[in-house]
Amino acid sequence: MGNDRRQRRLVMDDLTTWLWTHRQKRGRDGVWRDALTLYRDGVRVRFVFRAGAPDSGRWTTEGGYWYEGCVGDDRGNLLNLREPGVVRALVEAAGRRALLPGPGGRPVELDGWELFPAVVAAADG
């Protein structure tokens with residue numbers, strides 16, 4: 001089992017490098033979530049995938065080790081949030097929608113499910 005808390009480096013281009021981590025935990029509300037947290041130039045961006053209700057068609061691993069770090073839907077789409085290519089696709093999708101803060105911006109928390117279809121399309125791409 002790897003270290004879930006270590007920061008990894010994602011180089012987007014010559015000028016842009018993000019540090020990122022993946023965490024899986026149960027919130028105070030009792031709902032499991034998978035979160036990717038990225039840091040760059042003192043700015044934090046967090047992509048959160050909350051476990052859905054059983055009939056929502058969205059799922060996380062909810063604390064289990066089977067497919068740990070993966071999120072999916074009832075159509076058979078699966079994203080492994082520990083793969084650098086998936087992290088890159090999330091950053092690119094958020095950037096296209098102008099959701100990423102600039103240097104010195106405030107921390108941002110984004111609903112990962114909003115970007116899920118675009119990232120799945122990019123991964124299939």
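Phe49, Trp113 and Phe116 form one aromatic cluster in this predicted model, where local features need pLDDT of at least 70, side-chain atom pairs count only at pLDDT 80 or more, and totals for chains, interfaces and linings use all residues. Residues are numbered from 1 along each chain as its sequence is written, and side-chain values use heavy atoms, with hydrogens and water left out.

A search of the whole structure finds 2 aromatic pairs, where rings of Phe, Tyr and Trp (its six-membered ring) pair if their centres lie within 6.5 Å, and planes under 30 degrees apart count as stacked, over 60 as edge-to-face and the rest as tilted.

| Pair | Centre distance | Plane angle | Class |
|---|---|---|---|
| Phe49 and Trp113 | 5.2 Å | 85° | edge-to-face |
| Trp113 and Phe116 | 5.2 Å | 55° | tilted |

Phe49 is buried at a relative accessible area of 0%, while Trp113 counts as buried at 5% and Phe116 at 4%; buried means under 20% relative accessible area, exposed over 50%, and partly exposed in between (1.4 Å probe, protein chains only).

A further contact involves a charge: the charged end of Arg40 sits over the ring of Trp18, 4.8 Å from its centre, a description that requires NZ of Lys or CZ of Arg within 6 Å of the ring centre and within 35 degrees of the ring normal.
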